[in-house]
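Subject: Structure handover

Dear colleague,

Here is the structure for you to look at. My notes on it follow below.

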Amino acid sequence: MTEELFFNKLQITTEKVFKESDVYSKNKHENWFYSICNGPIFREKPIVFGLNWGVSRSEDYKGHSPQKTYPKDIDTNTWPFKNHVNHFLQKYFGHSFDEVNYSNLCFFRTPNIDYLSYKDWRDSIPLFREYVQYVNPPYLIMMGSPKYLNKLELKEIQEYGFLPEGKKRRAFTRIGVLFDKYKFGSVPHSAAYISQDTHDVLWKILSEKFK
């Protein structure tokens with residue numbers, strides 16, 4: 001199956017699941033909708049992903065449209081998150097952001113994750129799993145905590161903490177196996193309240209543990 005045909009198939013399923021979701025039922029008037037990926041699908045390439053797609057905060061925002069068309073071009077827009085990930089991907093993994101797949105664990109858009117119910121996560125994660133299985137990545141890097149993945153989805157978890165000088169709380173990178181097959185790692189999101197040096201240490205740990 002070609003990438004575009006797969007996307008079209010997954011989009012149909014996503015539309016159905018989204019229309020039955022709690023977040024849609026409670027917020028139909030908001031036009032948040034959903035997205036699947038931010039560019040063409042690169043099979044056998046790494047996946048970087050976050051928790052869920054956000055919502056534009058621009059003053060002229062009138063809502064998002066559901067992503068119904070396969071994105072044949074890479075989204076070349078720059079934003080702080082992309083620049084952050086690109087820096088560490090290139091430094092420790094030899095890839096740029098535009099050479100990997102980018103998606104989210106939950107395809108449903110919201111201003112923040114508080115709008116998503118437990119049911120929303122349980123309904124949406126199988127969509128992400130289908131996406132992962134088609135891409136068949138050598139590894140996945142999650143930006144943020146994997147707390148919404150259950151013990152059947154994420155196994156063999158190992159935590160590696162780092163305590164920055166002068167701080168009382170550790171920051172973590174986590175390693176595991178996702179969906180019984182795929183090498184998984186997580187590092188804090190770019191928006192986490194930690195220094196650039198701490199991000200650097202955790203990405204370095206991640207790259208070393210992946211080898």
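Which side chain does Lys-19 meet in a salt bridge? The partner is Glu-15, at 3.1 Å from N to O. A salt bridge here is a side-chain nitrogen of Lys or Arg within 4 Å of a carboxyl oxygen of Asp or Glu.

Before the rest, some notes on the source. This is a predicted model, in which local features need pLDDT of at least 70 and side-chain atom pairs count only at pLDDT 80 or more, while totals for chains, interfaces and linings use all residues. Residues are numbered from 1 along each chain as its sequence is written, and side-chain values use heavy atoms, with hydrogens and water left out.

Salt bridges

A search of the whole structure finds ten salt bridges. Lys-19 and Glu-15 both lie in helix H1, four residues apart, which is about one turn of the helix. Helices (H or I, at least four residues) and strands (E, at least two) are DSSP runs, numbered from the N terminus. Glu-15 is buried at 16% relative accessible area, whereas Lys-19 is partly exposed at 39%. Buried means under 20% relative accessible area, exposed over 50%, and partly exposed in between (1.4 Å probe, protein chains only).

Lys-9 forms another salt bridge, with Glu-130, and their closest N and O atoms are 2.8 Å apart. Lys-9 is in helix H1 (residues 3–19) and Glu-130 in helix H4 (residues 118–135), so this pair ties together parts that are 121 residues apart in sequence. Lys-9 is partly exposed, with 41% relative accessibility.

Lys-16 and Glu-20 also meet in a salt bridge, 3.2 Å from N to O. Lys-16 is exposed at 53%, and Glu-20 is partly exposed at 49%.

Aromatic rings

The whole structure has 22 aromatic pairs. Rings of Phe, Tyr and Trp (its six-membered ring) pair if their centres lie within 6.5 Å; planes under 30 degrees apart count as stacked, over 60 as edge-to-face and the rest as tilted. The centres of the Phe-93 and Trp-203 rings are 6.1 Å apart and their planes stand at 75 degrees, so this pair is edge-to-face. It links distant parts of the chain, as Phe-93 is in helix H3 (residues 80–93) and Trp-203 in helix H5 (residues 196–210), 110 residues apart. Both Phe-93 and Trp-203 are buried.

One aromatic cluster is formed by Phe-18, Tyr-24, Phe-33, Tyr-34 and Phe-108.

Charges also sit over rings, which requires NZ of Lys or CZ of Arg within 6 Å of the ring centre and within 35 degrees of the ring normal. The charged end of Arg-43 is over the ring of Tyr-134, 3.9 Å from its centre. Lys-183 lies over the face of Phe-210, at 5.4 Å from the ring centre.

Cysteines

The search finds zero disulfides, a disulfide being a pair of cysteine sulfur atoms within 2.5 Å. For Cys-37, the closest cysteine sulfur is that of Cys-106, 15 Å away and too far for a bond. Cys-37 is buried at 4% relative accessibility, and Cys-106 is buried at 0%.

Backbone

Most residues other than glycine have a negative phi. Phe-179 has a positive phi of about 55 degrees, and Asp-180 has one of about 65 degrees. Phe-179 is in the loop between strand S5 (171–178) and strand S6 (182–187), and Asp-180 is also found in the loop between S5 and S6. Phe-179 is buried at 4% relative accessible area, whereas Asp-180 is exposed at 51%.

Regards
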